[in-house]
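Work through the exercises below with the model open. Each task is followed by its solution in steps.

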Amino acid sequence: MNIGDARAEIMNSIRTHLAMSAPDDVLDAPFNTDPFKNSVPLAAQQVVQLFKRNVELVDGHCLVVNGQSEVEEAVNRIANGRGIAVSGSAVSKQDLFTVGVGVTGAQAGIAETGTLVLDSSVERNRLVSLVPPIHIAILDASKIFLTLGETLAALQSGAELSPAITFITGPSRTADIELTLALGVHGPQELYVIINEGTITNQGAPA
Amino acid sequence: MKVSLFVTCLVDQLWSSVGTSCVAVLRRAGCEVEFDERQTCCGQPAFNTGYRDEARLVAKRFIEIFAESKAQAIVSPSGSCTAMVHHFAELFGDEPEWRERAAAIAARTHELSSFLVRVLGVDDVGASWQGRLTWHDACHGLRDLNIKSEPRKLIGNVRGAELVEIENAEACCGFGGTFSVKYPEISVAILDQKIEAIERANVQAVVSGDASCLMQIGGRLSRKGSKVRVMHLAELLNHR
Amino acid sequence: MNTETFAENAKAALNDAQLRGALRKATTLFGIRRREAAASLSNWEDLRNEARAIKDDVLLHLDRYLEAFVSKAESRGAKVHWARDAAEANLIICRLSVERGARNVVKSKSMTTEEIHLNAALEGAGMRVVETDLGEYIIQLAGETPSHIIAPAIHKTKRQVAELFTTELGIPPTDDVGQLTSTARHTLRERFASADVGISGVNFGIAETGTIVIVENEGNIRMTTSLPRTHIAVMGIEKLLPRFADLDVFLKLLPRSGTGQALSTYQSFITGTKRNADDEGPDELHIILLDNGRSRMLAHPVTRQSLACIRCGACLNVCPVYQQIGGHAYGSVYPGPIGAVITPQLIGIEKAAQLPYASSLCGACREVCPVKIDIPRLLLHLRGEINQQRTNHRKERWAFRLWAAIMLRPWLYEKTAVAARLMQRWFGLPLQAWTSGRDLRPIEEESFREHWRRSR
């Protein structure tokens with residue numbers, strides 16, 4: 001079977017059928033759309049608080065610290081002696097599946113939903129945020145956007161999109177059995193977001 | 001205001017008191033009512049079952065008859081039949097003159113409660129009825145014609161009537177035209193959920209703007225030996 | 001169960017008290033959550049209009065957007081394959097797997113792969129396939145098909161799942177959902193770790209960037225698309241969006257409409273393959289573009305809107321028919337209101353002629369659809385098609401011809417009414433379909449028009 005045939009046939013089918021609908025399309029009423037209303041901007045502190053609230057609403061934990069040493073202290077406290085794998089270093093498959101805690105950064109956050117953004121070109125071993133039962137994400141307060149729309153625009157502002165970008169909102173969950181909520185189906189059961197405010201500029205705008 | 005009554009075949013043959021009540025209410029609201037005896041049906045049964053050619057023939061006849069009327073409004077005691085008239089234009093895809101004529105007729109065709117409240121600005125017709133009742137939002141009236149607050153305003157001014165809302169007032173009663181006899185078991189299963197809510201509400205009557213829904217609901221209530229009666233909005237508004 | 005035995009399927013479902021209880025609970029809860037989530041956004045209606053406008057644009061220019069998507073995806077390292085129908089799609093996927101010596105395949109939930117019956121094809125080619133979405137895993141163990149677009153095991157009670165796990169996985173009997181879930185987690189982890197090929201669906205394909213977007217709550221999609229060396233993504237050709245920024249609209253509408261969440265737990269945005277060989281992630285990405293009847297639906301604006309569907313399941317939850325009979329009764333991959341309109345279009349009207357009539361046309365589906373598909377209008381269109389193609393019963397066609405003849409002649413209409421009155425008085429009316437469950441209101445002895453004449 002010639003692969004080229006399938007593409008040509010499908011394209012041809014699309015064009016032929018679209019042409020058939022042209023006379024009726026004229027009668028079809030279009031949907032009116034109002035231009036998008038932009039959300040009201042918030043001050044940096046409010047953005048952080050909104051983000052924290054939304055992480056907690058989806059059963060995640062969120063703490064706000066100031067500076068690198070407080071970040072490390074928080075990570076150790078949460079890990080509480082369990083083995084840690086970090087996204088910056090290579091991890092063997094063995095370790096990935098046995099370690100208790102995975103630690104990653106996050107390249108951005110979305111305040112209106114409490115969402116973390118992980119970019120594969122920075123977080124080299126993102127599986128560390130998925131496989132271990134506990135995921136700790138460290139996020140600069142200055143990297144939190146208010147809205148999904150702003151975040152999508154920011155992701156596109158570079159050269160080209162990374163091969164893999166992941167949004168994470170809360171721990172893994174399911175309600176497939178009688179609509180009863182269960183956390184930690186395949187992904188982590190617990191999610192901790194450590195917001196480092198030590199990087200906010202004086203003006204309070206995202207860096 | 002001069003009004004031409006579109007009584008609907010269902011009311012004409014199966015529930016004439018709805019027609020007479022509708023006339024009385026319109027007169028009390030200050031309208032002069034005419035009735036063109038050439039009318040029969042809007043075509044909804046055929047349209048809804050996929051018989052577009054038959055529906056088109058009947059729709060054209062409807063348009064011709066009512067176009068001759070000098071009345072400012074065509075009023076009907078049925079949300080679904082009124083909605084059908086508003087859908088007439090869909091039948092005339094390649095007949096632009098008929099499409100225009102259909103649009104003109106639709107523009108002056110109103111369901112009763114919508115006509116009273118939105119067009120005449122009347123929400124009190126001096127009715128009275130003692131007891132607890134609930135309102136069933138018939139689907140076409142609700143979703144095609146946005147009829148929701150108008151009947152409630154009118155009922156609110158019926159002296160002695162206590163309106164109790166059921167939690168699924170907007171849920172379909174399961175009639176759906178020929179659906180009720182093509183898939184009777186499903187139709188009754190849907191209906192029973194509505195009946196459950198009605199019985200829980202502890203009312204004396206169920207009121208609606210569509211006789212077809214009332215036949216469906218009333219038919220099941222009486223089969224179950226319930227004391228709850230069904231009443232059309234026109235009948236309620238005509239009650240003194 | 002198939003689409004041609006719909007009437008019997010529905011009756012059986014109505015007699016299944018356990019099913020009806022499960023359905024009632026689930027659809028009620030989903031309905032409440034959707035309503036609340038929609039109400040929480042003041043611009044919900046604007047979003048719906050915007051989404052529909054975007055989809056209309058995509059569908060009207062599908063050839064252009066597909067070409068852009070393919071070109072972009074291929075420039076980033078993805079291999080794109082075109083499948084005219086289910087058989088071709090399965091052939092391609094099996095060939096890719098066999099060529100790579102695959103034995104173990106992990107799959108995430110994808111209605112498109114259900115549509116083409118992929119699992120059977122893979123197993124036929126000698127592969128072990130495991131569904132990794134919890135709901136899909138449950139029904140795979142049970143040997144069933146999904147009964148809902150987003151909650152495949154919605155028809156099963158906790159007790160039924162527990163019994164299934166005990167029988168199939170040998171765990172001690174338990175009533176605890178947490179334990180059932182962690183059983184699935186452990187069992188499936190072994191499969192993830194040893195899988196050669198991961199197969200997923202696609203929620204949105206972005207023409208501008210060649211990105212595929214997949215959304216989930218559990219994490220199995222991330223596992224499926226990161227651990228195995230080969231990722232195969234099956235995508236209906238209609239799943240495109242023009243721009244990356246359009247995701248702002250759709251990621252707001254989809255989770256809220258489906259489960260009432262502001263956002264699902266995980267979104268994966270995959271653009272081509274990894275940059276370096278030793279990076280994490282699959283070595284290869286294959287995107288299978290599936291037609292399977294979709295291009296035909298472009299032929300008329302009424303049918304073309306079917307392709308705007310983003311598979312949220314909201315219409316199922318609010319449909320009075322679905323609420324009573326559940327998904328299996330439809331006998332098709334896609335159940336509920338959307339299923340009733342796309343199934344006849346995908347598999348042929350003659351094979352699914354009952355489905356368009358299994359609706360009271362209440363319009364609740366149209367009200368909740370995030371992309372404003374006018375399902376009742378589509379149902380009427382299909383009923384018209386069935387009539388045109390004479391797939392319906394001759395008796396009914398003649399009945400409506402007679403009906404029209406009567407309705408066009410007021411004198412005949414009145415004579416017929418009188419005859420019916422007499423028949424009612426002497427023999428009763430032959431409406432067993434009505435009277436089996438409901439009392440019948442009798443034809444009036446004096447019609448409205450007779451009264452009007454009399455009281456002039």
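**Exercise 1.** Find how far apart the C-alpha centres of domain 1 of chain B and domain 2 of chain B lie, and describe the side of domain 1 that touches domain 2.

Solution.
- The C-alpha centres of the two domains of chain B are 22 Å apart.
- Domain 1 covers 2-118 and domain 2 covers 124-237 of chain B; such bounds come from an automatic or database domain assignment.
- The model is predicted: local features need pLDDT of at least 70 and side-chain atom pairs pLDDT 80 or more, while totals for chains, interfaces and linings use all residues. Residues are numbered from 1 along each chain as its sequence is written, and chains are lettered from A and ligands numbered from 1 in the order in which they are written.
- In chain B, 29 residues of domain 1 contact 23 residues of domain 2 (contact: C-beta atoms, placed from the backbone, within 7 Å).
- On that side of domain 1 of chain B, 14 residues are nonpolar, 12 polar and 3 charged (nonpolar: Ala, Val, Leu, Ile, Met, Phe, Trp, Tyr, Cys and Pro; charged: Asp, Glu, Lys and Arg; polar: the others, Gly among them).

**Exercise 2.** Describe the contact between chain C and chain A, and find the bridge partner of A:Thr166 in β9(C).

Solution.
- Chain C brings 73 residues to the contact and chain A brings 57 residues.
- Helix α10 (residues 177-194) of chain C gives the most to the chain C side, 8 residues (helices are DSSP runs of H or I, at least four residues, and strands of E, at least two, numbered from the N terminus).
- The chain C side has 30 nonpolar, 21 polar and 22 charged residues.
- Strand β8 (residues 164-168) of chain A pairs with strand β9 (residues 266-271) of chain C, antiparallel, over 5 bridges (pairing: DSSP finds at least two bridges between two strands).
- Within β9(C), C:Ser268 is the bridge partner of A:Thr166.

Terms used
Contact = placed C-beta atoms within 7 Å.
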